[in-house]
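Below is a briefing on one structure, grouped by topic. Please keep the sequence and the model open while reading.

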Amino acid sequence: MKHLSRMLGMFVVFVILPTAYGANQSITVEIDYGGLQQSRKVETRWKQGITALEALQSVAKIETKQSSKFIFVNSIDGVEGQRGDMAWYYDINGKRAASLAYKRILNEGDRMRWEYTKDVCSPRRSEQ
């Protein structure tokens, strides 16, 4: 009986607790390609200090563009932003992000959504 109790205790410590603890150690990344590709939703592993950019990089092929001291997501899975026309924007848990993706630290369980949509921040190239 003592042996069975010890085995049950080990099962709880090594199987049940890590599963329960790890259940929320993920983040969801959704990508809406603006109708150019089928949208997709992926769950990826969360770790302390992970940024929105790193989480996106873990589930998609991305290209970034540096402008001055800032880094912007320019392309996700080959869908490239067009300055003044279409761009990539993201939100966290349904709220528009207030900082650039390379600076935004995610929390355990966050839901991040990237959307390819009308560029409302940049003037068209012809307007510059």
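**Briefing**

Gln 25 is in contact with Arg 45, Trp 46 and Glu 108 once its neighbours within four places in sequence are left aside; contact here means heavy atoms within 4.5 Å. The model is predicted, so local features need pLDDT of at least 70 and side-chain atom pairs count only at pLDDT 80 or more, while totals for chains, interfaces and linings use all residues. Residues are numbered from 1 along each chain as its sequence is written, and side-chain values use heavy atoms, with hydrogens and water left out. Helices (H or I, at least four residues) and strands (E, at least two) are DSSP runs numbered from the N terminus, and two strands pair if DSSP finds at least two bridges between them.

- Gln 25 sits in the loop between α1 (2-22) and β1.
- The C-alpha atoms of Gln 25 and Asp 110 are separated by 9.6 Å, although the two residues are 85 apart along the chain.
- Ser 26 stands opposite Arg 45 in β2, and Arg 45 is also among the contacts of Gln 25.

**The five-stranded sheet**

- An open sheet of five strands, with mixed pairing, has the order β2-β1-β8-β6-β7.
- The edges are held by β2 (40-45) and β7 (95-96), each with a single partner strand, so one side of each is left without a neighbour in the sheet.
- Strands β1 (residues 26-32) and β2 run antiparallel and are joined by six bridges.
- Helix α2 (residues 52-59) lies across β1, β2, β6 (86-92) and β8 (111-118), and runs at about 75 degrees to β1. Axes are lines fitted to C-alpha atoms, for helices over the stretch in contact, and angles run from 0 to 180 degrees between N-to-C directions.

**The three-stranded sheet**

- A second open sheet has three strands in the order β3-β4-β5, with antiparallel pairing.
- Its edge strands are β3 and β5 (79-80), each of which pairs on one side only.
- Helix α2 also packs on this sheet, touching β3 and β4, and its direction makes about 150 degrees with that of β3.
- Six bridges join β3 (residues 62-67) to the antiparallel β4; the bridge partner of Ile 62 in β4 is Ile 76.
- The hairpin of β3 and β4 has two residues between the strands, and Ser 68 there takes a positive phi near 60 degrees.

**Nonpolar core**

- The largest nonpolar core has 24 residues, of which Ile 31, Leu 56, Ile 76, Trp 88, Met 112 and Trp 114 touch the most other members. Such a core is a set of buried Ala, Val, Leu, Ile, Met, Phe, Trp, Tyr and Cys residues joined through side-chain atoms within 4.5 Å.
- Two or more residues come from each of β1, α2, β4 (70-76), β6 and β8, and α2 gives the most, with five.
- Ile 76 is in contact with Ile 31, Tyr 33, Leu 56, Ala 60, Lys 61, Ile 62, Trp 88 and Trp 114, leaving aside its neighbours within four places in sequence.

**Asp 32**

- Asp 32 lies in strand β1 and is buried, with a relative accessible area of 16%. Buried means under 20% relative accessible area, exposed over 50%, and partly exposed in between (1.4 Å probe, protein chains only).
- The side chains of Asp 32 and Arg 113 are joined by a polar contact of 2.8 Å. A polar contact is a pair of N or O atoms within 3.5 Å; within protein, one must be able to donate a hydrogen and the other to accept it, and residues adjacent in sequence count only if both atoms are side-chain atoms.
- Not counting residues up to four places away in sequence, Asp 32 touches Ser 39, Trp 88, Arg 113, Trp 114, Glu 115 and Tyr 116.

**Aromatic pairs**

- Rings of Phe, Tyr and Trp (its six-membered ring) pair if their centres lie within 6.5 Å; planes under 30 degrees apart count as stacked, over 60 as edge-to-face and the rest as tilted. By this rule the count comes to four aromatic pairs.
- Tyr 33 and Trp 88 have ring centres 5.9 Å apart and planes at 90 degrees, so the pair is edge-to-face.
- Tyr 33 lies in the loop between β1 and β2 and Trp 88 in strand β6, so this pair ties together parts that are 55 residues apart in sequence.
- Tyr 33 counts as buried at 1% relative accessibility, and Trp 88 at 7%.
- Trp 88 and Tyr 116 form a tilted pair, 5.1 Å centre to centre with 50 degrees between the planes; Trp 88 in β6 and Tyr 116 in β8 are 28 residues apart.
- One aromatic cluster is formed by Tyr 33, Trp 88 and Tyr 116.
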